Amino acid sequence: MSGQQTTLYHQAGEQFAPAIARLARAMERDADKARDLEQDIHLELWRSFERFDGNCALKTWVFRVAHNVAADHVGRDARKPATVDIDELDSLIATGEGEAAQAETHALQRLHAIIRTLPLLDAQVILLWLEGHSGAEIAEVTGLSSGAVATRLSRLREKLAAQFELPEIDHDR
């Protein structure tokens, strides 16, 4: 373990730990598995700083590693047979206080559920965008061209917006 590796990991943790936690929760519905994914990302991030050469921004490196670990996690889970855990029923119940908190919790759960149905690369693009990354940063993390990122973002934003639109009410009935 080098001092540089430790310094970079601490710096990354201070700046990006909340975003890594959000990524894990968005990619994994089960709370325990999301925590496992978050830990896996942190472990791989720490290991990766041994290879960090400074040719890209720290932010780009962190999200590239995080998304690669998340992609491996999703791929590994997709190959497992589907099971339903009875404990998941408790996580479906909103735990916020008040109607607004419940509505926000419900909207986030719904958004994460929609994102989990997207192809992995689309999920990565929209999650990075939701974290406030620019198109160029998303392109650098995902390996897509800036034009491809812009096209995907436009399509994905429309798709997500359509999922949250209220159905039109026919007042002539």
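Asp122 lies in helix H6, where helices are DSSP runs of H or I with at least four residues, strands are runs of E with at least two, and both are numbered from the N terminus. With a relative accessible area of 5%, Asp122 is buried; the term buried denotes under 20% relative accessible area, exposed over 50%, and partly exposed the range in between, computed with a 1.4 Å probe on protein chains only. Not counting residues up to four places away in sequence, Asp122 touches Arg152, Arg155 and Leu156, a contact being heavy atoms within 4.5 Å. The structure is a predicted model, in which local features need pLDDT of at least 70 and side-chain atom pairs count only at pLDDT 80 or more, whereas totals for chains, interfaces and linings use all residues. Residues are numbered from 1 along each chain as its sequence is written, and side-chain values use heavy atoms, with hydrogens and water left out.

Gln124 also lies in helix H6. At 9% relative accessibility, Gln124 counts as buried. When its neighbours within four places in sequence are left aside, Gln124 is in contact with His67, Asn68 and Ala71.

The packing of H6 against the helix H7 may be considered next. Helix H6 spans residues 120–130 and helix H7 residues 135–142; they pack at an angle of about 140°, with their axes 10 Å apart. Axes here are lines fitted to C-alpha atoms, for helices over the stretch in contact, and angles run from 0 to 180 degrees between N-to-C directions. That angle makes H6 oblique to H7, since angles under 35 degrees count as roughly parallel, over 145 as roughly antiparallel, 65 to 115 as roughly perpendicular and the rest as oblique. H6 passes H7 in a right-handed crossing; a crossing is right-handed if the near helix is turned clockwise from the far one by less than a right angle, and left-handed if anticlockwise. On the H6 side the contact is made by Leu121, Val125, Leu128 and Trp129, and on the H7 side by Ile138, Val141 and Thr142. By class, this contact of H6 with H7 has 6 nonpolar, 1 polar and no charged residues. In this classification Ala, Val, Leu, Ile, Met, Phe, Trp, Tyr, Cys and Pro are nonpolar, Asp, Glu, Lys and Arg are charged, and the others, Gly among them, are polar.

H7 in turn packs against helix H8 (residues 146–164), at an angle of about 110° and with the axes 8 Å apart. H7 and H8 are therefore roughly perpendicular to each other. Gly135, Ala136, Ile138, Ala139 and Thr142 in H7 meet Ser146, Val149 and Leu153 in H8. The residues of this contact of H7 with H8 divide into 5 nonpolar, 3 polar and no charged.

Attention now turns to the aromatic residues. A search of the whole structure finds 3 aromatic pairs, where rings of Phe, Tyr and Trp (its six-membered ring) pair if their centres lie within 6.5 Å, and planes under 30 degrees apart count as stacked, over 60 as edge-to-face and the rest as tilted. Phe16 and Phe63 form an edge-to-face pair, 5.6 Å centre to centre with 80° between the planes. Phe16 lies in helix H1 (residues 3–27) and Phe63 in helix H3 (residues 58–78), so this pair ties together parts that are 47 residues apart in sequence. Phe16 counts as buried at 8% relative accessibility, and Phe63 counts as buried at 3%. The rings of Phe52 and Trp61 have centres 5.1 Å apart and planes at 75°, so that pair is edge-to-face. Both Phe52 and Trp61 are buried. Ring pairs link Phe49, Phe52 and Trp61 into a cluster.

Thr117 lies in helix H5 (residues 98–117) and, at 62% relative accessibility, counts as exposed. The C-alpha atoms of Thr117 and Met27 are separated by 9.8 Å, although these residues are 90 residues apart along the chain. Trp46 lies in helix H2 (residues 31–48) and is partly exposed, with a relative accessible area of 28%.

For the protein as a whole, the secondary structure comes to 8 helices and 0 strands. Buried residues make up 32% of the 173 residues. Of the contacts with a separation of 6 or more, 65% are accounted for by residues 24 or more positions apart.
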